[in-house]
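Student: I'd like to learn how to read charged pairs in a model like this one. Can we go through it together?

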Amino acid sequence: MTGAPPPNDPPERSPWARPTAGDPHGYPAPRDEWAPRDEWAPRDEWATRAEWASPVPPSPGPVPAAPQWGSRIGDADATLAPVWAGTAHRPGLIPLRPLDIGDLLQATWSAVRRAPGVYFGMTLVVCVVIGVVPVVIGSLMLVIADDAILTAIGDSAGPPLLSAVIAVVLSGIFAHTVAQQSVGGTPTFADTLAVARRHGLRLTGFALALEILMVVILLPAVVVIFWSTGEIRPDLIVVGLLMLFALAVPVVWLYIRSLFVAPAMVVEDMSVGPAIRRSLQLTTGRFWRTLGIVVLFNLIAGVIEGVLGMAATFPSFVVGTAVTQWLSMAATVIGTLVISPFLAVLPALLHVDARMRDEAFDVALARHSTAGYLR
């Protein structure tokens, strides 16, 4: 029949027709509508539902590091805060954290700048009062022992001994003013003078005993040097210098280990014996750091005194020698009055720093920051 499909070809399928089994067009085989479906099959509800499954504990995150100095409580990045960051509480002269060299330099300058009348006035009073002692001692030495060596030793050792005694006494008195300024207080000259009257005798006695002990340690080397100089014995001069360097080691050790005696006597209201033990305790483990800071500050003070001394020699080209000597003496006195307060503040600041490092003294200072003075 014309127009009929060939007998071997499958008939053309309607797109709406239901697929049959073995469909040549690749349709899937039909399924029985009434056959049981998988969604109607019974299943274990308690085993398949995710909401009834056993909860999985969350993975613990990294343990945050302990906050360091300078990190504020509550900061999101407190664990990343660097050590000694500059965010410590600062109610007054110093930040309430262990101090570095920059803090000590700034605090030394700021302490004197904020109360110049107290520091320079008290330095003048102490220099005038204690300056009478070496004059009396020197006069007694001339009367009792008319010896050239003793006279030379007294003339050469007198001014350094006087300066050392004044420095120890001032370090104790100014420990009170530094304690006031550290918590935001303002020291007055009358208050500082009252502290000097209360502790001045004990401070002077300790300072004299300490300096006499140092002189006794160095005395053999000093005697050898002066005697060899008079006899013109270069070999003995060398021996004396070697002895001086060897004996200077225990003197330096004694000075550093006793650096906090005067501040402890005033601020912590201790007698001499407990104050010595307190200084030994606070300087344990930080001898070299304290020595380096003291040497640095004394080098700076020496440079300033040298500049003042050079300024005093300029008029020698215009005026006579006698006037130049008076000017040199005046420059020495002015240099002592200017430098002594700064050097006397340093032991007080190091005393506070040692207590903050060993005893968390910064917490006590912060708690009493409105009191103006803390013992």
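Student: Which kind of contact joins the side chains of Arg97 and Asp103?

Tutor: Start with the general idea: side chains of opposite charge can pair when their charged atoms come close. This is a predicted model, and in it Arg97 and Asp103 form a salt bridge, with N and O 2.9 Å apart.

Student: Are Arg97 and Asp103 buried or exposed?

Tutor: Look at relative accessible area, where buried means under 20%. Arg97 and Asp103 are both buried.

Student: How many salt bridges does the structure hold?

Tutor: There are nine. Another one pairs Arg289 with Asp353, at 3.2 Å from N to O.

Student: How accessible are the two partners, Arg289 and Asp353?

Tutor: Check each one separately. Arg289 has a relative accessible area of 30%, which makes it partly exposed. Asp353 comes out at 1%, so it counts as buried.

Student: Which other residue forms a salt bridge with Asp353?

Tutor: Arg357 does, and the closest N and O atoms of that pair are 3.0 Å apart. Here both partners, Arg357 and Asp353, are in helix H11, with four residues, or about one turn of the helix, between their positions. Arg357 is partly exposed, at 34% relative accessibility.

Student: Which residues do salt bridges with shared partners join into one network?

Tutor: Glu268, Arg278, Arg355 and Glu359 are linked that way.

Student: Let's step back to the fold. How many helices and strands does the chain have?

Tutor: For the overall picture, count the elements and then read their order. The chain has 12 helices and zero strands, and its pattern along the sequence is α-α-α-α-α-α-α-α-α-α-α-α.

Student: What share of the contacts comes from residues 24 or more positions apart?

Tutor: Take the contacts in the chain with a separation of 6 or more: residues 24 or more positions apart account for 71% of them.

Notes:
Residues are numbered from 1 along each chain as its sequence is written. This is a predicted model: local features need pLDDT of at least 70, side-chain atom pairs count only at pLDDT 80 or more; totals for chains, interfaces and linings use all residues. Side-chain values use heavy atoms; hydrogens and water are left out. Helices (H or I, at least four residues) and strands (E, at least two) are DSSP runs, numbered from the N terminus. Contact means heavy atoms within 4.5 Å. A salt bridge is a side-chain nitrogen of Lys or Arg within 4 Å of a carboxyl oxygen of Asp or Glu. Buried means under 20% relative accessible area, exposed over 50%, partly exposed in between (1.4 Å probe, protein chains only).
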